[in-house]
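Consider the structure shown below.

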Amino acid sequence: MGHKNSKLDSGLSHEDINFLMKNTNRSKKELKEWYKGFLEDCPNGELSKEHLVEIYNQIFPGGNSEKFADHVFGTFDTDQSGTIDFREFMLALHVTSCGTQEEKIRWAFRMYDIDKNGMIDINELKRTLTAVYEVIGEKSQDSFRAEELFRKLDENSDGEISQEEFINIIKQDHQLLNILEKT
């Protein structure tokens, strides 16, 4: 009793509740409701990559969700455990739906940075853009457009896009920001 990791009647620990209340601006009641729904979809308390693909297939029935889900999964699975737990799920939900413009841009950067080295190269940009177009069921844009976008984002022309370059250019370019907000 009184131990910070003891489970509440909802199955969430006091530590998880307090952490999520602080980092998602959701109430204890809302978190318990979300947790209940999360357990209905993921009875073992973890969301697998395969389940995420199924979810995106339902959202985008005319598209190919596998590559896109792979990119998204990598940004949600912050501890790289191979599954998304409730804490990761709620943090991702918060950023993608309620986050500030900069938080959303940082999240998008992590999705494009496939190898997680802190930089986006032309191949990562092309692969992610292809996945985005495939999930919505549109033909992939030609590589010329990806290269044009890459040149625009690679402010210092060093062949890589840093997070700082990405944020600066996206914030200034409302057309690019609109494209990112759709992904």
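A residue is called buried when its relative accessible area is under 20%, exposed when that area is over 50%, and partly exposed in between, with a 1.4 Å probe and protein chains only. Thr24 is buried, its relative accessible area being 4%. The model is a predicted one, in which local features need pLDDT of at least 70 and side-chain atom pairs count only at pLDDT 80 or more, while totals for chains, interfaces and linings use all residues. Numbering starts from 1 along each chain as its sequence is written, and side-chain values use heavy atoms, with hydrogens and water left out.

The chain as a whole comes next. Helices (H or I, at least four residues) and strands (E, at least two) are DSSP runs numbered from the N terminus. There are ten helices and four strands in the chain, arranged along the sequence as α-α-β-α-α-β-α-α-β-α-α-β-α-α. The chain has 183 residues, and 38% of them count as buried. Contact means heavy atoms within 4.5 Å. Of the contacts between residues at least 6 apart in sequence, 50% join residues at least 24 apart.

Thr24 belongs to helix H1. A polar atom of the Thr24 side chain lies 2.5 Å from the backbone oxygen of Leu20. When residues up to four places away in sequence are not counted, Thr24 touches Leu31, Met90, Leu91 and His94. Gly99 sits in the loop between H5 and H6. The C-alpha atoms of Gly99 and Thr24 are 8.8 Å apart, although 75 residues separate the two along the chain. Gly99 is buried, with a relative accessible area of 12%, and beyond four places in sequence Gly99 touches His94 and Lys104.

Thr83 is found in the loop between H4 and strand E2 (84-85). Is Thr83 buried or exposed? Thr83 counts as buried because its relative accessibility is 17%. A polar contact is a pair of N or O atoms within 3.5 Å; within protein, one must be able to donate a hydrogen and the other to accept it, and residues adjacent in sequence count only if both atoms are side-chain atoms. The side chains of Thr83 and Glu46 make such a contact at 3.5 Å. Leaving aside neighbours within four places in sequence, Thr83 is in contact with Glu46, Leu47, Phe73, Asp77 and Glu88.

Charged pairs follow. Side chains of opposite charge can pair when their charged atoms come close. A salt bridge is a side-chain nitrogen of Lys or Arg within 4 Å of a carboxyl oxygen of Asp or Glu, and by this rule there are seven salt bridges. One of them joins Asp16 and Arg87, with an N to O distance of 2.8 Å. This pair links distant parts of the chain, since Asp16 is in helix H1 (residues 14-24) and Arg87 in helix H5 (residues 86-98), 71 residues apart. Arg87 is partly exposed, at 24% relative accessibility.

Glu102 and Lys171 form another salt bridge, their closest N and O atoms being 2.5 Å apart. Here too distant parts of the chain are linked: Glu102 is in helix H6 (residues 101-112) and Lys171 in helix H9 (residues 163-172), 69 residues apart. Glu102 is partly exposed at 26% relative accessibility, and Lys171 is partly exposed at 33%. Between Glu147 and Lys126 the closest N and O atoms of a salt bridge are 3.2 Å apart. That pair connects helix H8 (residues 143-153), which holds Glu147, to helix H7 (residues 122-135), which holds Lys126, across 21 residues. Glu147 is partly exposed, with a relative accessible area of 30%; for Lys126, also partly exposed, the value is 26%. Salt bridges with shared partners join Glu102, Arg106 and Lys171 into one network.

Helix H4 (66-76), H6 and H7 each supply at least two lining residues, and H4 gives the most, with five.
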